[in-house]
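Hi,

Here is the structure I promised to pass on.

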Amino acid sequence: MNSRADQLKAFDRLLTIMDELREQCPWDKKQTMESLRHLTIEETYELGDAILDNDLQEVKKELGDVLLHIVFYAKIGSETKTFDIADVCNGICEKLISRHPHIYGDVTVNNEEDVKRNWEKLKLKEGKKSVLEGVPTSLPALVKANRIQEKVAGVGFDWEAPHQVWEKVEEELSELKEEVKVGNADRMESEFGDVLFSMVNYARFLNINPENALERTNKKFSKRFQYLEAKAKNLNKPLKDMTLAEMDVFWEEAKKL
């Protein structure tokens with residue numbers, strides 16, 4: 001791998017190119033933090049896809065795209081003399097040092113859970129009014145549910161054992177079934193949300209990331225369905241003209257791939 005000197009040289013090269021693009025390229029000169037925001041979100045999702053696919057070459061590429069955006073924002077910040085890339089780096093360094101007193105101080109921890117609890121306590125000492133302040137409001141609901149539960153667990157608001165969480169899942173499922181019988185759409189939606197929230201909690205106790213788990217299923221389903229589409233095309237028969245029994249034959253084949 002590259003030496004630290006080579007790593008710093010590569011980062012300096014990126015900063016120089018960013019300076020040149022911002023000065024000379026019509027598109028780069030026009031960009032603002034607001035115009036870059038949606039592109040940054042897109043790049044982050046692409047990085048997430050590459051990680052789930054375990055495509056390390058693609059991970060490397062997407063990390064470069066994300067790093068470019070970080071450098072771009074810092075460059076824009078420097079133009080208004082608000083902050084630059086050094087401020088960004090030093091800021092995160094100081095936060096990491098202050099949040100790891102078991103490394104840079106005299107605090108003792110026994111395991112990962114101790115570290116998480118200390119992290120949340122330190123954030124409150126820094127002036128945050130709620131442990132939930134660190135959960136972005138714009139997160140997708142499934143990811144947000146997981147982060148909310150992780151945050152509150154960090155200060156001790158949590159179940160003691162997985163079986164207790166599963167009992168909660170069953171309780172919520174029972175309540176959903178009752179609302180389905182009644183047929184009130186608003187109540188059904190509310191209870192369905194409770195079921196999802198409790199399932200996310202159960203996933204956490206099983207050390208499963210629910211977002212990753214659902215995306216793996218999305219990919220698996222898509223692959224199988226595309227196999228089904230390909231088989232239908234080979235038969236010159238549109239899917240809408242096939243019976244469920246016919247489609248199920250190819251679906252079962254796809255499951256064996």
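A disulfide here is a pair of cysteine sulfur atoms within 2.5 Å. Before the cysteines, two words on the source. It's a predicted model, where local features need pLDDT of at least 70 and side-chain atom pairs count only at pLDDT 80 or more, while totals for chains, interfaces and linings use all residues. Residues are numbered from 1 along each chain as its sequence is written, and side-chain values use heavy atoms, with hydrogens and water left out.

So, cysteines: searching the whole structure turns up zero disulfides. For Cys93, the closest cysteine sulfur is in Cys89, 6.6 Å away, which is too far for a bond. Cys93 is partly exposed at 40% relative accessible area (buried is under 20%, exposed over 50%, partly exposed in between; 1.4 Å probe, protein chains only). Cys25 is also partly exposed, at 22%.

Ile70 sits in helix H4, residues 56-79 (helices are DSSP runs of H or I, at least four residues; strands are E, at least two), and counts as partly exposed because its relative accessibility is 40%.

Lastly, an unreviewed UniProt entry puts "domain: NTP pyrophosphohydrolase MazG-like" at residues 31-103 and 164-224; such annotations may be inferred rather than shown by experiment. Residues 31-103 are 85% helix and 0% strand, with end C-alpha atoms 40 Å apart.

Cheers
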